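Subject: Handover of a structure

Hello,

Here is the structure I promised to pass on. Please load it first, then read my notes below.

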Amino acid sequence: WYQRRVRAIALYTTQFTGLHQVTIETYDLLINALIKQEQYDEAIEELRATKEAKVLKYGEYSKQLATHHKLLGSVFLLTEKTKDALIEFKKCLKILAVVQSAPTEMTIAIKKTVQSLEANKETRPMFKLY
């Protein structure tokens, strides 16, 4: 299943540039399908592969890129990679602080998740740099 989808996307991208919005949206659909099928490692790989295209298309500080980091953080949580999840959620919050005029429910939920992860002893660094 996964290989057929990747080939279909590769064929599609030969017709459009890698920055075409429909191409990016097609990758997002693939990523969501991978997550629904619990193929988390493949989803992480695709998320990492599409980040640069989103930066080039939408900009470093865009809601699309914030959502990208939120999704990657969520997948890291599903795979119990809490330190990586924390990094992605913080990137998301940094972007949202720039692109939003006021915090939304999503921003508040991510802040609570970050606080929860930071409170977890397993995600804390062994020492603190000042």
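Glu-38 counts as exposed, because its relative accessibility is 58%. Exposed means over 50% relative accessible area, buried means under 20%, and partly exposed is in between, using a 1.4 Å probe and protein chains only. Glu-38 sits in the loop between H2 and H3. Its phi is positive, about 60 degrees, although Glu-38 is not a glycine.

Before the rest, the ground rules. This is a predicted model, where local features need pLDDT of at least 70 and side-chain atom pairs count only at pLDDT 80 or more, while totals for chains, interfaces and linings use all residues. Residues are numbered from 1 along each chain as its sequence is written, and side-chain values use heavy atoms, with hydrogens and water left out.

Glu-80 is in the loop between H4 and H5. Glu-80 also has a positive phi of about 60 degrees and is not a glycine. It counts as exposed, because its relative accessibility is 70%. For background, most residues other than glycine have a negative phi.

Overall layout

The protein has 6 helices and 0 strands. Helices here are DSSP runs of H or I with at least four residues, strands are runs of E with at least two, and numbering starts at the N terminus. From that end, the order is α-α-α-α-α-α. The protein has 130 residues, and 32% of them are buried. Take the contacts between residues at least 6 apart in sequence: 55% join residues at least 24 apart. Contact means heavy atoms within 4.5 Å.

The core

Which residues have the most contacts inside the largest nonpolar core? They are Ile-35, Val-75, Phe-89, Ile-110 and Val-114, in a core of 24 residues. H5 gives the most, with 7 residues. A nonpolar core is a set of buried Ala, Val, Leu, Ile, Met, Phe, Trp, Tyr and Cys residues joined through side-chain atoms within 4.5 Å.

Start with Ile-35, in helix H2. Ile-35 counts as buried, because its relative accessibility is 17%. Leaving out neighbours within four places in sequence, Ile-35 is in contact with Tyr-40, Ala-43, Leu-71, Val-75 and Leu-78. Leu-71 is 36 residues from Ile-35 along the chain, and their C-alpha atoms are separated by 9.9 Å.

Val-114 is another of these core residues. With residues up to four places away not counted, Val-114 touches Leu-86, Phe-89, Lys-90 and Leu-93.

H5 against H6

H5 and H6 pack at about 145 degrees, with axes 10 Å apart. Axes are lines fitted to C-alpha atoms, for helices over the stretch in contact, and angles run from 0 to 180 degrees between N-to-C directions. H5 passes H6 in a left-handed crossing, where the near helix is turned anticlockwise from the far one by less than a right angle.

On the H5 side, the residues include Leu-86, Phe-89 and Leu-93; on the H6 side, they include Ile-110, Val-114 and Leu-117. The residues of this contact divide into 10 nonpolar, 3 polar and 3 charged. Ala, Val, Leu, Ile, Met, Phe, Trp, Tyr, Cys and Pro count as nonpolar, Asp, Glu, Lys and Arg as charged, and the others, Gly among them, as polar.

Thr-107 lies in H6. Thr-107 counts as buried, because its relative accessibility is 5%. Beyond four places in sequence, Thr-107 touches Leu-93, Leu-96 and Gln-100. The side chains of Thr-107 and Gln-100 are joined by a polar contact of 2.7 Å. That term means a pair of N or O atoms within 3.5 Å; within protein, one must be able to donate a hydrogen and the other to accept it, and residues adjacent in sequence count only if both atoms are side-chain atoms.

Is Ile-95 buried or exposed? Ile-95 is in H5 and is buried, with a relative accessible area of 5%. Not counting residues up to four places away, Ile-95 touches Glu-60, Tyr-61, Ser-62, Leu-65, Ala-66 and His-69. The C-alpha atoms of Ile-95 and Ala-66 are separated by 5.8 Å, and the two are 29 residues apart along the chain.

Ile-87 also lies in H5. Ile-87 is partly exposed, with a relative accessible area of 43%.

Best wishes
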